[in-house]
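Reader: Please take one part of this model and go through it closely. I would like the packing and the contacts set out in a connected way.

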Amino acid sequence: KQEFNKASSMANAFAQFGAVNCDLEENKQLCARNNVKGFPTIKVFRPPKKFREETERTFQFFSDVYNGERNANRLVDHVKGKVRNLTKKTLSSKLPLLMESGTRNVLLVTNEQSVPPLLKGLAIDFENEATFHYITAKTKKARDDIKEILGVKEKLKGNTLLYIDENGEINVYDGLIERDGMGEFLSQFLAASDGPQSERSN
């Protein structure tokens, strides 16, 4: 339980953890439906590429049993590998096209070479509302060049989230780099279908 709780905190940016007591009468049907036979059982649920309107969302998730070491780091690594990637990597030369696309876009300027798990989670939360991109900028010069291209006044830090609307107007998030704060920022412009800012979480 301690390792599970630790993993939940570590993976908060891109996954939601929950615990069910299968001994309770009200949970027995749920546990049977998910083929839980031993305790503890850790299952990882993944949404389909597209939900079907005629079927309840709860029944459309794919799942698999985690059989690895009961260690927080190993569990988090396993979950990371199951998170769908709906993001796109972009380059400085493509930023003008992004601003002129006439669509809603979210851009993360990051010092990481590969897609940050946090952005993967946000892209799933706001799926179909905007296209999520990330651009790697490891040096101050690289970030300054991006700032000039975008025409923003705010300083671009190691990780900076920006929302670009259909008219190319840019809003810069200046809060903490964590899921709740960034999700609240994006929910000013987009409707979340999953995650903390969605109606499902209420």
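Author: A polar contact here is a pair of N or O atoms within 3.5 Å; within protein, one must be able to donate a hydrogen and the other to accept it, and residues adjacent in sequence count only if both atoms are side-chain atoms. The model is predicted, so local features need pLDDT of at least 70 and side-chain atom pairs count only at pLDDT 80 or more, while totals for chains, interfaces and linings use all residues. Residues are numbered from 1 along each chain as its sequence is written, and side-chain values use heavy atoms, with hydrogens and water left out.

T87 belongs to strand 3, residues 87-89 (strands are DSSP E runs of at least two residues, helices H or I runs of at least four, numbered from the N terminus). T87 has a relative accessible area of 9% and is buried (under 20%; exposed is over 50%, partly exposed in between, with a 1.4 Å probe and protein chains only). Beyond four places in sequence, T87 is in contact with V115, L119, K120, A123, F132 and Y134 (heavy atoms within 4.5 Å).

Helix 3 spans residues 72-80, and its buried residues are A72, L75, V76 and V79. Viewed down the helix axis, these buried residues fall within an arc of 100 degrees, so they line one face of helix 3 (the arc uses directions from the axis to the C-beta atoms). Among the elements covering the buried residues of helix 3 are helix 1 (2-10) and strand 1 (43-46). At the start of helix 3, a side-chain oxygen of N71 comes within 2.9 Å of the backbone nitrogen of N73.

N73 also takes part in the packing against helix 1. On the helix 1 side the residues are E3, F4, K6, A7 and M10; they meet A72, N73, L75 and V76 of helix 3. The axes of the two helices, helix 1 and helix 3, come within 8 Å and cross at roughly 45 degrees (lines fitted to C-alpha atoms over the stretch in contact, with angles from 0 to 180 degrees between N-to-C directions). Helix 1 and helix 3 are therefore oblique to each other (under 35 degrees is roughly parallel, over 145 roughly antiparallel, 65 to 115 roughly perpendicular, the rest oblique).

Elsewhere, F185 sits in helix 7, residues 179-186. F185 is buried, at 8% relative accessibility. Leaving out residues up to four places away in sequence, F185 touches L161, Y163, N171, V172 and Y173. Of these, V172 is 13 residues from F185 in sequence, with 9.2 Å between their C-alpha atoms.
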